[in-house]
Amino acid sequence: MGNYVISCCSTADLSEEHFREREISYICFHFELDGKEYPDDLGKSIPFDKFYQSMLEGADTKTSQINADEFEAYFEPFLKEGLDILHVTLSSGISGVIGSANIASSNLSEKYPERKILIVDSLGASSGYGLLMDRLADLRDEGKTLEEVYDWAVSHRLNVNHWFFSTDLTFYIKGGRISKTAGVVGGLLNICPLLDMNHLGQLIPRYKIRTKKKVIRAIVDKMEELADNGTDYDGKCYISQSACLEDAKTVAALVEARFPHLKGKVEINHIGTTIGSHTGPGTIALFFWGKEREG
């Protein structure tokens with residue numbers, strides 16, 4: 001598949017099987033659960049249902065990004081094999097991990113001057129970031145060069161639309177994304193905020209929608225408004241969910257009914273432990289290719 005590696009962070013929230021089948025390498029973030037550290041390794045160290053149940057029961061969570069030394073240890077075996085690297089990071093709008101990747105790349109370029117490490121800021125998160133990675137794997141498989149795939153990623157990353165809603169505001173309040181007063185009022189009024197990711201890769205609240213039924217309809221309406229070719233959209237669609245699989249299936253069924261030309265079925269993934277430490281359970285995220293994201 002060429003003389004380079006397509007790589008990302010585990011926060012792209014695809015399944016291990018998906019990463020393996022598409023030959024996408026990944027490096028794991030870290031999280032703490034009640035003071036004990038684990039790798040964000042796609043649910044292997046702690047099953048997702050156990051992780052989210054622990055959060056519901058009051059467990060403290062904390063996340064930490066990958067440091068430069070870890071990136072060097074991860075990148076170097078590829079370079080020793082004579083492979084170049086295209087590594088795409090979690091959005092700089094929510095994490096500083098791209099800084100660590102760039103430091104590692106700079107250090108290793110002195111040791112392996114004949115090799116290339118190209119770093120891209122995904123400006124995305126969770127399976128939206130994963131949707132970008134899947135397309136980059138397509139380009140690699142089509143025979144595109146490292147530089148061609150890099151250029152395409154930079155030019156098209158904002159075409160991945162990210163829309164989120166949550167039925168549980170507890171962890172948005174805890175993380176400071178929603179004020180305590182707004183959260184209490186929102187809970188009393190049964191408000192489910194609808195958020196998206198802007199052009200800087202930051203998560204932005206857009207609408208306050210009452211009831212889960214209405215927000216589910218609204219998120220699919222947003223896809224119709226913004227997806228390439230509207231209801232004739234023929235690309236892939238991914239959903240991520242945190243301990244709310246039935247809601248994810250409801251959204252997927254509505255998407256499949258409204259967009260009959262989808263490329264395959266809607267793929268439902270877990271929101272991983274890094275992103276999930278901040279959203280908590282009850283979050284649904286919908287990802288598709290469409291209009292370029294703005295502010």
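1. Start with the charges: Arg 22, Asp 134, Arg 135, Asp 138, Arg 140, Asp 141, Glu 142, Lys 144 and Lys 236 are joined in one network of salt bridges. A salt bridge here is a side-chain nitrogen of Lys or Arg within 4 Å of a carboxyl oxygen of Asp or Glu. By that rule the count is 19 salt bridges.

2. Before going on, some housekeeping. This is a predicted model, where local features need pLDDT of at least 70 and side-chain atom pairs count only at pLDDT 80 or more, while totals for chains, interfaces and linings use all residues. Residues are numbered from 1 along each chain as its sequence is written, and side-chain values use heavy atoms, with hydrogens and water left out.

3. Arg 135 and Asp 138 form a salt bridge at 3.7 Å, N to O; both lie in helix H5 (residues 126-141), three residues apart, about one turn of the helix. (Helices, H or I with at least four residues, and strands, E with at least two, are DSSP runs numbered from the N terminus.) Residues three or four places apart point the same way because an α-helix has 3.6 residues a turn. Arg 135 is partly exposed at 25% relative accessible area, whereas Asp 138 is buried at 16%. For these labels, buried means under 20% relative accessible area, exposed over 50%, and partly exposed in between (1.4 Å probe, protein chains only). The other pair is Asp 141 with Arg 140, at 2.9 Å, N to O; Asp 141 is partly exposed at 36%, and Arg 140 is buried at 5%.

4. Have a look at Asp 84 and Arg 115 too, whose side chains meet in a salt bridge of 2.8 Å, N to O. Asp 84 sits in strand S6 (residues 84-89) and Arg 115 in the loop between helix H4 (97-111) and strand S7 (117-121), so the pair ties together parts 31 residues apart in sequence. Asp 84 is buried, at 7% relative accessibility.

5. Now the sheet. Four strands make an open sheet in the order S2-S1-S6-S7, with parallel pairing. S2 and S7 are the edge strands, each pairing on one side only. Two strands pair if DSSP finds at least two bridges between them; S6 and S7 have five, in the parallel sense. Ile 85 stands opposite Ile 117 in S7.

6. Helix H3 (residues 68-80) checks out on length: its 13 residues should span 18 Å at 1.5 Å a residue, and its end C-alpha atoms are 18 Å apart, which agrees. The expected span is 1.5 Å times one less than the number of residues. Its buried residues are Ala 68, Phe 71, Tyr 74, Phe 75, Glu 76, Phe 78 and Leu 79. Their cover includes strand S1 (4-9), strand S2 (25-27), S6, H4 and S7. After H3 comes Gly 82, with a positive phi near 85°.

7. Last, Gln 241 in strand S11 (residues 237-241). Gln 241 is buried at 3% relative accessibility, and a polar atom of its side chain lies 3.2 Å from the backbone nitrogen of Leu 245. Leaving aside neighbours within four places in sequence, Gln 241 is in contact (heavy atoms within 4.5 Å) with Ala 248, Ile 268, Asn 269, His 270, Ile 271, Thr 283 and Ile 284.

Technical notes:
A polar contact is a pair of N or O atoms within 3.5 Å; within protein, one must be able to donate a hydrogen and the other to accept it, and residues adjacent in sequence count only if both atoms are side-chain atoms.
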